[in-house]
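Let's walk through a protein together, one question at a time. Have the model open while you read.

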Amino acid sequence: MTKKKVWIDTDLSVGMTRHKRDGYCDVDDGFAVLQLMKAQNVEICGISAVFGNTVIENSYPLSQEMSKEFAMGEIPVFRGAGEAINLKEGNSNEAVEGLAEALRKQSMIIMAIGPATNIGLLLLKYPELSNKIQEVVLVAGRRTAQDYFKIGNKGNHAQDLNFDLDNDAFRLMFEHGVPVTLCPFEISNKVWVKAADLDALAKGDKGNQWLAEASRAWLQQWVDQGADGFNPFDVLASHYIISPEDIIFEDLNARLEIHQDDTVKENDKQVFKSYLLCDKGAGSPVKYCYDVVPDYHKKLMDSLLK
Ligand SMILES: [Ca+2]
C-alpha cells in the first residue's frame, strides 16, 4: 500500500489552561494528531508547531511530547510561528525551513489545523514549492457571513479562530493556487464527543488514556455552556485525509469579505472583521466539507481505539 505523505501543522494545546482568560484550551488537535499516528495508510513526514489555541511555548513542547510518547520519537518536530504573518518582516522559522526541505524531497498533503501561518510564510519565502503541496486541509470557513457557531446555549458567537488569527496565511494559499480543502464548523458541529466516549478511550492504549484524561476538563467546559459533549473540530481534517469516503463535501469557491464582527456582542461601535466565505460565487476553488456519513461516530471511535 502506498502511504499518503502528510505534514502536520498544529497548535496543540491538549490539557493546557488558557493564557489570557480562565479555563482550558481545546483538545481537538490531540484527537487529530493521534488519529493520523494510528492510520495505516498515512506516513507523517513532520510536525510543525504554531501559535493559536495556545502560545508557541506550549504547542511546540507538546508536539515533541506526542512524537516521543506515541510515535517512538520518529517524527521530526519543528518550532514554528509564534504570531501572525507580518508582511513587513521577512520572518522565517525552523518549521518553514523543515517543511521546505521535506517538500523538496517529495510532494505532501499538509494538515494545517492551526492558523496556517507557517504555510503562508513558506509560500512567501519559497513560492516555487507551492506545486509540491498536494493539498492543504484546514479547519476554517463558512457559507455566509450570517452563519455562526456558538457553544451550547450561552455565550457569544465563536471566532473562526484559525482564519481570524491569520487572514494573510489563507490569502497566500489562495493566491498561490494551492489546492485547499476546508473542514469548517458546519461539519464539525455534526460530530460529538461525550463522556461515554472519553470513558471508552480511557480503556484504550496510553495515547487514548492520555487524551481521555486531558479532555475531561474541556468537556466540562462545554457542559457548563449547556452542551452535552464537544465538537472535535480538527479531527474532521485528519479523518478526511485518512478516509475521505466518510466525509461529504462539495466544490465551492472561497473568498475573503469584510462584515461586522459577529463575535462582538453589542456591535454598536461598528467593529468589522474578515470572513472566509464559500459559495458558488467568485473566489478560489475549494473542497468544502459539510457532512459526515451516518455511522461516522463509530468510525471515528474505531480509528482511535485500534
Ligand atoms: Ca487546532
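Before we start, a quick definition: Ala, Val, Leu, Ile, Met, Phe, Trp, Tyr, Cys and Pro count as nonpolar, Asp, Glu, Lys and Arg as charged, and the others, Gly among them, as polar. Also keep in mind that this is a predicted model.

Q: What is the make-up of the lining of the second largest pocket, by class?
A: This pocket has a volume of about 310 Å³. Helix α1 and strand β2 (42-49) each give two or more residues to its lining. Sorted by class, the lining comes out as nine nonpolar, one polar and five charged residues.

Q: Which residues of the largest pocket's lining are closest to its centre?
A: The largest pocket has a volume of about 1,200 Å³. Its lining divides into 19 nonpolar, 14 polar and 10 charged residues. Closest to the centre are Arg18, Arg21, Asn53, Gln159 and Leu161.

Q: How many residues apart in sequence are the parts that Asp29 and Asp234 tie together?
A: Asp29 and Asp234 are among the protein donors of the calcium ion. Asp29 sits in helix α1 (residues 28-38), while Asp234 is in the loop between α9 (206-224) and α10 (235-242), so the pair links parts separated in sequence by 205 residues.

Note on methods
Residues numbered from 1 in each chain as written. Predicted model: local features only at pLDDT ≥ 70, side-chain atom pairs only at ≥ 80, totals over all residues. Heavy atoms only, no water. Donors = N, O, S within 2.8 Å, 3.2 Å for Na, K, Ca; no water. Helix = DSSP H or I, 4+ residues; strand = E, 2+ residues; numbered from the N terminus. 1 Å grid on protein atoms, 1.4 Å probe; cavity = no way out; pocket = protein on both sides within 12 Å on 5 of 7 lines; lining within 4 Å. Points joined across faces, edges and corners; volume = space filled by probe spheres on them.
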